Amino acid sequence: LCVAEPERPGRLEGIDEALLKEVQNELAASFHRQSDIIAAGKVGGAQAIQKAIDLLTRATAQYCIVAGTDTYLTAGTLGAYEKNNRLLTEENSDGFIPGEAGAAIRL
């Protein structure tokens, strides 16, 4: 499960320790013992796919689900990006529109 990098301003505290367990509870599922949180931001998906390939190649798992979630809607994140003139505003046409997203693939 991929999440924001640790140095991201406004990152949710404790996400690395809690999210995997919370997803398992929500799905009423038990994940493989090598399931993991990858806190690497933009490159997390590639790192997770490499880990999945390793698990599948060693026949440790029959399939892997690589999932990621991210948000740019927390006050700390928005404040830091606004301070650095990174958000799309009337004064900055070269910024980005804040949002959040999630995706998953089965390998």
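Mentor: Happy to! We start with a word you will need: a residue is buried under 20% relative accessible area, exposed over 50% and partly exposed in between, as found with a 1.4 Å probe on protein chains only. What you see is a predicted model, in which local features need pLDDT of at least 70 and side-chain atom pairs pLDDT 80 or more, while totals for chains, interfaces and linings use all residues. Residues are numbered from 1 along each chain as its sequence is written, and side-chain values use heavy atoms, without hydrogens or water.

Let us get our bearings. The protein chain contains three helices and four strands, and the order from the N terminus on is β-α-β-α-β-α-β. These elements are DSSP runs numbered from the N terminus: helices are H or I with at least four residues, strands are E with at least two. The C-alpha trace spans about 55 × 25 × 20 Å along its principal axes. Of the 107 residues in the chain, 27% are buried.

Now to your charged pairs. Side chains of opposite charge can pair when their charged atoms come close. We call it a salt bridge if a side-chain nitrogen of Lys or Arg is within 4 Å of a carboxyl oxygen of Asp or Glu. The structure has four of them.

Find Arg8 and Asp70: these two form a salt bridge whose closest N and O atoms are 2.9 Å apart. This pair joins distant parts of the chain, with Arg8 in the loop between strand E1 (2-3) and H1 and Asp70 in strand E3, 62 residues apart. Is Arg8 buried or exposed? Its relative accessibility is 6%, so Arg8 counts as buried. Asp70, at 24% relative accessible area, is partly exposed.

Next, look at Arg11, which forms a salt bridge with Asp16, with 2.5 Å between the closest N and O atoms. Asp16 is partly exposed at 29% relative accessible area. Then there is Asp36, in a salt bridge with Lys51, where the closest N and O atoms are 3.4 Å apart. Here too distant parts of the chain are linked: Asp36 sits in the loop between H1 and E2, and Lys51 in helix H2 (residues 44-57), 15 residues apart. Asp36 is partly exposed, with 39% relative accessible area, and Lys51 is partly exposed as well, with 28%.

One more residue belongs to that part of the chain. Gln34 lies in the loop between helix H1 (15-27) and strand E2 (38-39), and it is partly exposed at 28% relative accessible area. Although Gln34 and Gln62 are 28 residues apart along the chain, their C-alpha atoms are separated by 13 Å.

Rings of Phe, Tyr and Trp (its six-membered ring) pair if their centres lie within 6.5 Å; planes under 30 degrees apart are stacked, over 60 edge-to-face, the rest tilted. The whole structure holds three aromatic pairs. In one, the ring centres of Tyr72 and Phe96 are 5.3 Å apart and the planes stand at 70°, so the pair is edge-to-face. Tyr72 is in the loop between strand E3 (65-71) and helix H3 (75-83) and Phe96 in the loop between H3 and E4, so this pair ties together parts 24 residues apart in sequence. Phe96 meets Tyr81 too: with centres 5.5 Å apart and planes at 80°, that pair is also edge-to-face. Phe96 is partly exposed, at 24% relative accessible area, whereas Tyr81 is buried, at 13%. Together, Tyr72, Tyr81 and Phe96 form one aromatic cluster.
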